[in-house]
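Let's walk through this one together, starting with the overall fold and ending at the charged side chains.

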Amino acid sequence: IDPKTEAEVYTTAKDYIDEQLRNLDKADRLIGWAKSLATLKFLGGSPRAAIINTTSVVTTSPGRIHQDVGGGKVSFMKINRALATAGNDARKFMMGREVGSADDMRFLRDEKRLGWDDPQYTMDMISKMGSTGNRALAATMDGFMWMFGKTEQWNRLTTMLAAYRIARGLG
């Protein structure tokens, strides 16, 4: 971004970065705790929440793949077939098995290594703030969010693998 030719974009980006890098204050910590507790209450340990979370593969992923990977030219039938195959392969991969081609396995291992499949539920800053109470809450959240985290990991692996296979097929 060139501050001389794109002054407004530069100022917006700089303000955003400054805000993200500032030290936490009491309000930030309080909001982080509240968000983490809400996540724990409504998602943690709930089989219903975990099951509902898997529906994003059929509600959100097809549209994203259709637009972002296929440029609006790949049929939804092809995308849904790719998602179904990728979903089964993602499950097997999560269980430690080899799936698909060597190229698919290289892609999946890279996803894992780069953390692209990490569940992104709300942990905010609590695990980074060193107090015993925060570490205890982080450990509790990890335990209660295990099931939801696994479905989130499956969603991410499934969507990325299906998108990768479609993109590879398009050349």
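Call it a contact when heavy atoms sit within 4.5 Å. Among contacts in the protein chain between residues at least 6 apart in sequence, 73% join residues at least 24 apart. Before going on, note that this is a predicted model, where local features need pLDDT of at least 70, side-chain atom pairs count only at pLDDT 80 or more, and totals for chains, interfaces and linings use all residues. Residues are numbered from 1 along each chain as its sequence is written, and side-chain values use heavy atoms, with hydrogens and water left out.

The protein chain has nine helices and zero strands (DSSP runs, numbered from the N terminus: H or I of at least four residues for helices, E of at least two for strands). Of its 171 residues, 33% are buried, meaning under 20% relative accessible area, with exposed being over 50% and partly exposed in between (1.4 Å probe, protein chains only).

Now for the charges. With a salt bridge defined as a side-chain nitrogen of Lys or Arg within 4 Å of a carboxyl oxygen of Asp or Glu, the count is 11. R64 is exposed at 52%, while D68 is partly exposed at 49%.

Helix α9 (residues 146-170) holds R156 and E152, about one helical turn apart. Their closest N and O atoms are 3.1 Å apart in a salt bridge; E152 is buried at 16%, and R156 is partly exposed at 23%. Elsewhere, salt bridges with shared partners link D89, D103, D104, R106, R165 and R168 into one network.
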